[in-house]
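Hello,

Here is the structure we spoke about. Please open it and read the notes below with it on screen.

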Amino acid sequence: MTSEPDLTDLSPQDRAALGSGADFWTTKALGPVPSITMTDGPHGVRRQAGATDHLGLAESLPATCFPPAVGLAQSWDAESVRRVGEALGREARGLGVDVLLGPGVNIKRDPRGGRNFEYYSEDPLLTGLLGAAWVTGLQSTGVGAALKHFAANNAEHDRMRSSSDIDPRPLREIYLCAFAHIVRTARPWTVMCSYNRINGVHAAQNRWLLTEVLRGEWGFDGAVVSDWGAVADRPASVTAGLDLEMPGGSGVSDAQVVAAMAAGTLDPADVDRAARNVARLATRVVAGRDLGDAPGATDDHHRLAREVAARCVVLLRNDRDLLPLAPGRSLAVIGEFAVEPQYQGGGSSHVNPTRLDVPLAEIRALAGAETVSYSQGFTNGDTEADHDALRAEAVAAAQNADVAVVFLGLAATQESEGFDREHLELPADQLDLLDAVVRVQPDTVVVLAHGGVVRLAPVAARAAAILDGCLLGQAAGGALADVLFGVVNPSGRLAETVPVRLQDTPAYLNFPGENSHVRYGEGLYVGYRWYDSRDVEVTFPFGHGLSYTTFDYTDLALTADAAGVTVRLTITNTGARAGREVVQVYTALPGSAVARPARELKGVAVTTDLEPGAAEEVSILLSRDDLAYWETRVDRWVVEGGAYQVWAGASSRDLRVTGRIDITGDDLRIPITAESTLGEALADPTAAAALAEVFGGMSESMGDATALGVDMMRMIASIPLNRLTGFGVDPGKLDALLSAAED
Ligand code: BGC
């Protein structure tokens with residue numbers, strides 16, 4: 001790598017100036033440090049031509065629109081995501097972009113979250129796995145990633161002020177987990193701190209987050225960039241660990257930094273650190289540019305977008321093997337989304353696609369145009385229309401065809417960055433239409449387009465087959481046609497649970513918060529962790545997805561070593577078509593000393609395309625780190641010893657094989673303090689010995705349940721040590737006990 005620029009000759013003013021942008025998308029060229037160009041991201045390159053507008057929302061140059069994160073996640077396939085990252089990098093280079101602003105890896109805490117379409121999953125392990133693959137693919141081309149939005153940015157409501165109030169365990173185990181994995185394994189060049197506050201402190205001013213955790217614990221060596229407009233007090237942010245404020249151009253905050261240094265309220269060493277981190281980023285950028293020109297968007301990228309999009313389609317139900325569509329059957333394609341597909345979300349991630357596959361045209365291309373009719377069925381916009389006539393026309397077409405294929409979903413106006421949804425319902429007129437269609441046509445397939453989860457109980461009650469296309473990018477139409485006709489056997493899996501009702505969702509009573517505070521009251525119990533622990537009925541569980549073939553899970557074998565638990569099993573294609581299986585491994589620790597969800601995803605593998613009858617041995621390492629929980633009494637990760645239950649299955653509720661494995665726990669000694677109870681002191685060998693010494697025979701008699709009686713023992717066991725003085729224990733003896741217990 002090129003050596004890092006020498007900043008010795010830069011004045012304090014210039015060092016301060018390096019820490020904010022030149023305009024909306026670029027940084028300043030100063031001394032030896034060149035200007036860097038950043039742009040959104042994440043599922044396509046949103047490069048604006050010419051001068052940038054103030055909000056950066058003007059039309060951008062054409063670029064391949066790959067499936068947004070909501071779609072990519074449904075592949076559960078790190079390799080597909082890595083390939084998309086790599087293609088994005090090539091396009092970014094072709095468009096002169098040095099840092100692509102993604103991936104977004106926030107957890108989908110509530111299905112109403114307005115940016116859920118930009119995020120991967122309700123599960124941190126899956127999010128981390130896919131986010132790391134995206135960063136690895138992108139950065140292999142010499143373009144940097146911006147891991148965002150760090151952290152706990154899980155709603156749009158009041159997003160620039162709202163405080164995400166989260167207890168330490170869920171903060172670590174759910175909300176920071178994917179960030180940690182990606183920083184450690186994929187080493188993104190930048191991390192973008194979020195708009196919101198975390199437990200009262202703005203992410204951009206949060207020293208604990210940006211410095212202690214990100215750099216100190218995870219070893220981040222890149223630049224911390226602010227979300228666009230997230231900085232309220234730049235000197236405070238620089239002290240906390242912010243390196244680059246974006247956007248920039250006015251120079252106001254640079255002057256504040258210089259003034260704060262002069263006033264002695266900002267340490268010049270922090271300004272130097274920020275300047276050095278920006279300079280290091282520039283060094284990486286220059287090395288990337290030195291790799292030469294990249295071709296930009298090509299037909300190959302569109303083909304990749306189609307291939308990957310097909311891998312992201314989830315077959316939610318398939319009664320009577322209605323799909324794949326048999327050749328020669330006449331089709332009534334219904335619904336405006338078939339001609340005007342919804343394939344990406346609104347806001348800063350909106351890409352100007354190089355081309356657009358229209359589902360109806362792709363279906364006709366595979367079916368033969370003469371066998372496919374089209375009726376609009378309903379309107380997505382606010383246009384005046386004769387709704388009854390539209391519906392009647394669609395129903396007649398359905399009746400006259402062998403199969404109805406009905407496209408339903410949420411229109412662009414119904415979800416976007418900037419606001420959360422208030423409900424999970426599909427538009428009522430779409431459900432009415434579906435109702436009318438299935439009455440005349442039992443062979444009805446529903447194809448769904450949506451960014452956030454929609455309630456599917458009404459659809460599941462009506463349609464014989466359902467394909468979930470969520471948002472699949474510019475090749476959605478071709479990908480959906482490929483799956484409908486069996487050119488591709490679906491292997492997508494839900495990355496989010498589909499609840500029966502909004503009222504069943506974990507954060508229902510705590511979303512979106514009030515008075516700029518959101519209490520994450522459900523704690524660890526996010527997504528399936530909630531539904532499965534409470535045994536709440538769901539419409540489709542996390543991880544669910546059918547195939548046109550079937551798979552058997554056999555020969556589970558578990559082994560443990562220092563790296564973790566290796567899970568081996570055999571997957572056999574027992575059906576009549578070639579296909580892939582996504583193998584999900586969940587664990588639990590029955591009898592754990594801490595609260596734990598009923599089961600948690602700890603490993604994923606995707607088989608190769610298995611021919612009918614073929615078998616594959618799958619080996620999945622559940623890393624020891626992933627088995628740890630955050631122990632709040634010592635502020636660190638701890639693996640609890642015990643017999644872990646391990647399941648391999650096809651969803652969180654379709655567990656096919658199971659076994660148990662003994663795992664040796666980490667040493668965990670909870671410090672004994674004046675607030676510790678007698679029971680805790682007796683359970684701690686050093687403290688118990690000290691108790692015996694200081695109080696003579698007291699500890700033995702207390703520890704002897706038969707002497708005191710079990711009830712009595714339980715009662716005194718809960719007395720904190722510092723209350724013993726109230727029962728006549730000499731305070732001097734207590735002090736002696738506490739200092740002896742420290743040894
Ligand atoms: C969004 C970021 C985006 C940035 C630049 C912000 O409003 O939160 O995700 O990268 O704008 O467009």
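**Helix pairs**

H3 and H11 run roughly antiparallel to each other, because an angle over 145 degrees between helix axes counts as such and theirs cross at roughly 155°. Keep in mind that this is a predicted model. Helix H3 covers residues 78-94 and helix H11 covers residues 299-312, and their axes come within 11 Å. The crossing of H3 past H11 is left-handed.

In general, a pair of packed helices is described by two values, the angle between the axes and the distance between them.

Another pair is helix H13 (residues 387-400) with helix H14 (residues 428-440): their axes come within 9 Å and cross at roughly 30°. Angles under 35 degrees count as roughly parallel, so H13 is roughly parallel to H14. H13 passes H14 in a right-handed crossing.

**The ligand**

Which residues come nearest to the ligand? There are 14 residues around the ligand, and the nearest of them are Asp40, Arg115, His149, Tyr195 and Asp227. By type, the shell around the ligand holds seven charged, five nonpolar and two polar residues.

His149 has a polar side-chain atom 2.7 Å from an oxygen atom of the ligand. For Tyr195, an N or O atom of the side chain is 2.8 Å from a ligand oxygen atom. In Lys148, a polar side-chain atom lies 2.9 Å from an oxygen atom of the ligand. On its own the ligand has 310 Å² of accessible area, and the protein covers 94% of that.

Regards

Notes: Residues are numbered from 1 along each chain as its sequence is written. This is a predicted model: local features need pLDDT of at least 70, side-chain atom pairs count only at pLDDT 80 or more; totals for chains, interfaces and linings use all residues. Side-chain values use heavy atoms; hydrogens and water are left out. A residue is near a molecule or strand if one of its heavy atoms lies within 4 Å of it. A polar contact is a pair of N or O atoms within 3.5 Å; within protein, one must be able to donate a hydrogen and the other to accept it, and residues adjacent in sequence count only if both atoms are side-chain atoms. Accessible areas come from the Shrake-Rupley method with a 1.4 Å probe; for residues, only the protein chains shown count as cover. Ala, Val, Leu, Ile, Met, Phe, Trp, Tyr, Cys and Pro count as nonpolar, Asp, Glu, Lys and Arg as charged, and the others, Gly among them, as polar. Axes are lines fitted to C-alpha atoms, for helices over the stretch in contact, and angles run from 0 to 180 degrees between N-to-C directions. Helices (H or I, at least four residues) and strands (E, at least two) are DSSP runs, numbered from the N terminus. Angles under 35 degrees count as roughly parallel, over 145 as roughly antiparallel, 65 to 115 as roughly perpendicular and the rest as oblique. A crossing is left-handed if the near helix is turned anticlockwise from the far one by less than a right angle, and right-handed if clockwise.
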